[in-house]
Each structure stands twice: as C-alpha cells, then as structure tokens.
Amino acid sequence: MTPSNDAPASFDAALSDLRPSASLKRRRNVERVIKAVLGAMATLSVGVTIAIAFALVRPAVEFFGEVSPKEFLTGTTWAPLFKPAQFGVLPLVTGTFLVMAIAVVVAVPCGLAAAFFLSEYASPRLRAVLKPVLEILAGIPTVVFGFFALYFVNPEITQRFWPFGDVGTFSALSAGLVVGIMILPMMVSLAEDAMSAVPDSLREGALALAATKREMCTKVIFPAALSGIVAATVLAFSRAIGETTIVLLAAGSNPQLTGNPGQGVQTMASFIGFAGIGDQPTGSTGYKTIFAVGALLFVLTFVLNIVSARIVRRFRQEYE
Amino acid sequence: MSATTSTDAVSHTPGEALATARTSGRRRLFDTAFRSLLIASVGLALLTLFALLIDTFLTGQPRLNTDLVNNMPSSRPARAGIQSAIFGSLWCVGLSGLVSLPIGVGTAIYLEEYAPRGKWYVRLIELNIQNLAGVPSIVFGILGLAFIARSPLKWGFTVGSGAMVLTILVLPIVIISSREALRAVPPSLRDGSLALGATQWQTIWHQMLPSAVPGIATGSILAVSRALGESAPLLLLGALTFVTFNPTGLDSGYTVLPLLIFKYASDAKAEFHTVAAAAIIVLLVMLLILNTTAIIVRNRFQRRAR
C-alpha cells in the first residue's frame with residue numbers, strides 16, 4: 001500500500017525538480033538576449049553591403065540623368081572636373097586594364113613559381129624563414145609602395161632599363177610593377193595552400209614512375225591544384241583593379257587613352273581618390289562622377305570575387 | 001645499367017640508379033632551369049623588400065630625429081614634422097580597434113556557435129562577409145563620403161567618420177580570423193561543458209573564448225595594422241589636409257600618417273620627399289611594434305594553454 005502511495009509523491013517531486021526554477025528561467029532569458037544581440041551584430045555586415053549599394057546607386061543614377069550612358073561608355077576624353085566637362089570613361093578603363101595587366105604579369109607567374117618553391121622544394125627550415133618575410137612584404141602599407149614606385153623603381157629601374165621607348169616621371173609601368181609586387185604575397189600564400197592540399201600519394205606516385213621533380217610539379221601538382229590557383233589568379237586581378245594609392249602616386253593623374261606603359265595613366269580607382277582630394281561640392285556633377293566610376297569599379301571587383309569563390313567551391317577536389 | 005650511369009658515380013640504391021639512367025641530359029637541364037626559375041621568383045620578392053627598406057632608410061635618415069615627431073606639419077620643409085598625423089592615426093586606429101573587436105568577435109560567435117547550418121540567411125551573411133573582404137578599400141571611402149561625412153550622418157571630415165570607415169573596412173578581417181580561432185578550439189571542450197549543465201553562453205564565455213584568445217588577438221592586431229597603413233578611403237574623407245593641431249575628440253579635424261606621407265611625397269619640393277621617407281620609417285616601426293606584440297601575445301597564451 002504505502003509504496004503505491006509513495007511512488008506518485010516522489011514522482012511529483014522529481015517532476016518539480018525538472019521544471020525550470022526562477023533562476024533557470026532568468027538564465028534562459030539572458031541566453032535569448034545574448035543570441036539576439038550576436039545575431040544583430042552578424043546582420044550589421046549585410047547592412048554595410050546594402051549601404052554601399054545605396055551609396056553608389058542613387059548618385060550614379062542621377063549622374064546618368066545628366067550624362068548619357070553612350071557618352072560615358074564611348075567617349076574618349078575624360079575631363080569631368082574641367083570646363084567644358086567631358087565624360088568619356090574609356091581612358092580610365094584602358095588605364096585600369098594597362099596597370100592591371102602589368103601587375104598580373106608580375107604577380108601570377110612569380111607567385112606561382114614562389115609557391116612551387118615553398119611547397120615542393122624548400123626545406124622546412126628555409127620555409128620557416130621565407131614565410132614570415134613574405135608576410136612582412138604583405139604588411140607594407142600601399143602608400144609606402146607608392147613612394148617606392150615613384151622615387152626608386154621609376155628613376156632607378158624602369159627609366160633606365162625599359163627597352164621599348166621612353167618612360168616618363170609618372171608611368172603605368174612602374175605603378176603596375178609595384179602593384180604586382182604588392183599582390184605577390186597573397187598570390188603565393190593562396191597558391192601554396194592549394195598545392196599543399198594535394199595529397200602526398202600523388203607526389204609519391206609521380207616520383208615512383210620516374211618523373212623528375214619538375215615534371216611532378218608541372219604535370220601532377222599543377223593540375224591537381226588548378227582550381228585554387230585559378231581562384232587566386234582571379235583575386236589577384238580584383239586586387240590589381242582596386243588599388244588606389246600606388247597608382248595615384250606612381251602613374252600620376254592624367255587620364256590618357258594610351259597603350260604605352262611608359263606614360264602616366266589614371267585608373268578608375270585612382271580617379272576616385274584624385275576627385276576625393278579636390279573635395280567636390282555635394283550634388284555637383286563632379287561629385288556624382290565619383291559614384292558612377294565607383295559603381296563601375298564595385299561591380300567589376302564584385303563579379304571577380306564571386307567568380308573566384310565559385311571556382312573554389314565548384315572545382316575543389318576533395319582528397320580523402 | 002652501370003654502363004649508362006658510369007658518369008654519375010653517386011647513385012646509391014637501385015631505384016636511384018634507375019631514375020638517373022632514365023633521366024636524359026635534356027630533362028635534367030630542364031629541371032635545373034625550372035629550379036633556378038623558382039628560386040629567382042622568390043629572390044625577386046626578397047630583393048624588392050630589401051631594396052624598399054634600404055632605399056627608404058637611406059632617403060629618410062637625414063630627417064630621422066626628434067624634431068620630426070615633435071613638429072607639426074608645415075609648408076616649410078625644414079620645419080615639417082608629423083606629430084598631428086601620429087596622434088590622428090592613434091585616434092582613428094585605436095577607435096576602430098575598440099569598435100570592430102566586439103562586433104567582429106560577436107559576429108564570429110554567432111556564425112560559429114548559434115547560426116543554424118545551411119539556412120539561407122546564414123549563407124547570405126557568410127557570403128557577404130567574404131565579399132566585403134574583397135571590396136577595394138576606396139569603395140569604403142565612397143560609402144563614408146556618402147553616408148557618414150555627408151547626409152544622413154553629416155559627421156563631416158572628422159576623427160569620428162575616419163574611425164568609422166576604418167572600422168567597417170577591418171571588420172571582415174576580425175570576423176574571419178575570429179571564426180578560424182573559434183573553429184580551432186577542440187569540440188570536446190564545448191561538449192564537456194554542455195554535458196556538465198552549463199548553458200550555451202556560459203560554455204562560450206568560460207571555455208570557448210579563453211582558448212580562442214590567441215587566435216583572436218593575432219587576427220585583431222593584424223586588422224589594426226591594416227587600418228594603420230590604410231590610405232585610400234581616407235583620401236575621400238578629408239584626411240589629406242595640413243592639420244597643425246592634435247585631435248581633441250571625435251569631432252576634431254584630423255590627418256593620419258599614411259596620408260601625410262602621401263602629401264609630402266606628392267609635393268613638388270624634393271626636401272619634402274626626405275620628410276616623407278622619414279615618416280615612412282616611423283610608420284613601419286609602429287607596424288613592427290604591433291606585429292611583434294601579436295607574436296608575443298600568441299606565444300604567451302599558447303604556453304599557458306598547454
């Protein structure tokens with residue numbers, strides 16, 4: 001009898017123990033608040049992107065109300081801050097591509113080669129020395145690189161040794177070369193990551209089949225790491241397009257429609273910086289050009305970044 | 001076999017001997033050439049770094065004295081100093097560090113510990129952060145010009161708006177490195193804490209964060225040094241002016257070290273280029289101090305954790 005009476009009582013007691021006490025309830029509420037606050041912080045970054053889009057779109061749309069897109073995209077003279085103003089964006093586009101091409105020609109092959117060396121050839125001790133040195137190079141501020149490009153690379157190297165014509169005080173060549181050096185560490189580190197993700201069994205297999213080390217690198221490691229290498233290359237393009245300070249210092253601020261790397265050029269990014277220095281009055285057409293060119297630049301780099309992320313995700317080889 | 005390898009008496013094992021035999025002279029030549037090419041590429045990076053450091057030091061060395069740090073910017077090269085720029089940089093970078101650290105770590109905690117995996121909005125946030133990290137810095141300057149300096153915030157060209165733009169700029173770096181640091185904490189720590197009845201936040205606060213501190217600290221210091229060297233976005237935020245006073249608060253006008261270097265470097269007078277080079281040395285020393293701190297912090301915490 002008593003056991004059957006006792007059992008429900010102790011069961012009740014056990015149940016009430018399981019029911020949340022006041023302090024536990026309070027703690028749960030605290031947890032909920034914390035989660036909400038952290039979630040709000042995370043959404044903040046989305047807010048930033050939306051703000052960028054808004055900041056660019058409205059003035060850019062107003063700009064195209066004043067300047068026809070046809071004039072913008074096909075005009076060959078860029079003089080938005082002069083009178084009479086001219087809004088042909090082509091010189092900026094060719095300038096951007098000239099600097100970008102020179103930078104990528106330096107950064108991609110050299111970066112790839114340096115990555116091969118670090119990943120396949122260097123001893124662990126040499127790696128332990130070289131990696132931090134590359135990190136130092138990656139940490140040099142762009143204004144320092146710009147100074148170096150203008151007052152060392154241009155007079156001491158490009159003006160002396162460029163075989164194809166004269167090099168001016170400001171040149172796309174010096175700017176591009178130094179932008180290339182600036183993105184080199186990023187290229188090396190991303191390419192090396194891709195290479196070290198290739199499993200050793202592939203290396204051993206290649207060597208066992210009597211491949212030389214070079215053949216192993218170019219015929220086994222390179223294809224296996226290709227997706228990572230391509231993604232790194234695309235990012236290198238994006239970084240080269242967006243660089244402002246180096247180009248502004250070393251390539252000057254004269255928008256010219258030219259393919260001659262010995263001349264000074266203006267890129268989209270360096271125009272924005274240049275126009276910003278002039279402190280354009282809000283609402284003027286000059287002020288709005290900053291946003292129109294900025295929108296072009298943002299879209300270009302946005303597409304490149306997305307493409308790079310896609311390549312990594314789509315073609316990543318999962319080894320074990 | 002021995003006949004074909006007689007020229008190389010160094011082969012030790014049958015396998016090596018076979019490989020040597022198969023490797024014709026041309027292939028070996030290509031291999032040597034390839035190897036030299038790789039070394040040359042690494043050499044180019046090293047050489048550039050050394051050339052940059054040595055050239056800057058030699059150019060700036062005549063003006064590297066206490067006057068440089070004690071004097072304000074001036075249009076007379078003999079008197080030109082960098083004091084207001086150092087203080088401007090300390091203000092802007094310090095503030096952006098103070099703001100971006102909690103927000104960045106908070107975002108990282110949310111994404112690593114709370115966010116439901118695979119939900120569309122979580123992927124949106126992740127993709128968005130990845131993308132923000134790749135946006136050219138000048139675009140953040142445009143954002144600052146449109147929204148912070150002019151309407152709607154109308155903060156003008158002040159320390160506050162400069163710091164806010166730098167905060168937005170380095171936030172992705174803080175988030176990404178904090179996430180990596182949190183991910184590196186062994187899951188057993190979290191599981192054990194939860195199994196002992198700790199709530200999720202107690203687990204994060206008492207177990208996850210302390211073990212992630214070295215990684216978070218390293219990433220944040222890297223972010224701060226990025227902010228210290230950044231010049232492009234602040235071009236649009238009025239930092240490129242002669243400021244002959246140190247900032248006194250958020251609403252004060254300002255200049256920062258990278259932009260004062262820019263200003264001196266682009267001046268027509270060659271004497272200013274010497275001042276620019278000397279200022280670059282000061283900037284590089286500040287960065288060196290930051291990075292050394294990062295390494296020390298990381299090492300000390302790692303030792304304690306073991």
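Which pattern does chain B follow when read along the sequence?

Author: The model is a predicted one. Read along the sequence, chain B follows the pattern α-α-α-α-α-α-α-α-α-α-α-α. In total, its secondary structure comprises twelve helices and zero strands.

The overall dimensions of chain B come next. The C-alpha trace of chain B spans about 85 × 65 × 40 Å along its principal axes. Its radius of gyration is 26 Å, whereas a compact globule of 306 residues would have a value near 19 Å. Of the 306 residues of chain B, 44% count as buried. Among the contacts in chain B with a separation of 6 or more, 73% are between residues 24 or more positions apart.

The domain assignment divides chain B into domain 1 (14–62) and domain 2 (67–305). The centres of these two domains of chain B, taken over C-alpha atoms, are separated by 36 Å. Contact between them involves five residues of domain 1 of chain B and six residues of domain 2 of chain B. On the domain 1 side, the touching residues comprise two nonpolar, three polar and no charged.

B:V256 lies in the loop between α10 (232–235) and α11 (257–265) of chain B. B:V256 counts as buried because 32 other C-beta atoms lie within 10 Å, where 20 or more are required. When neighbours within four places in sequence are left aside, the contacts of B:V256 are B:A85, B:G88, B:S89, B:C92, B:G162, B:L234 and B:A239. By contrast, B:L189 is 67 residues from B:V256 in sequence and 43 Å from B:V256 in space, C-alpha to C-alpha.

Chain B also has a partner. The contact takes 71 residues from chain B and 68 residues from chain A. On the chain A side, the largest share, 18 residues, comes from helix α2 (residues 22–66) of chain A. The residues of chain A that touch chain B divide into 45 nonpolar, 17 polar and six charged.

The largest nonpolar core has 182 residues, of which A:V99, A:F147, A:V178, B:I142, B:I261 and B:A279 touch the most other members. Helix α4 (residues 90–121) of chain A supplies the largest share of this core, 18 residues. For A:V178, leaving aside its neighbours within four places in sequence, the contacts are A:F145, A:F148, A:A149, A:V153, A:I246 and A:A250.

Key:
Residues numbered from 1 in each chain as written. Chains lettered and ligands numbered in written order. Predicted model: local features only at pLDDT ≥ 70, side-chain atom pairs only at ≥ 80, totals over all residues. Contact = placed C-beta atoms within 7 Å. Helix = DSSP H or I, 4+ residues; strand = E, 2+ residues; numbered from the N terminus. Nonpolar A, V, L, I, M, F, W, Y, C, P; charged D, E, K, R; others polar. Domains from an automatic or database assignment. Core = buried A, V, L, I, M, F, W, Y, C linked by C-beta atoms within 7 Å. Buried ≥ 20, exposed ≤ 12 C-beta atoms within 10 Å, placed from the backbone. Rg over C-alpha atoms; globule rule 2.2 N^0.38 Å.
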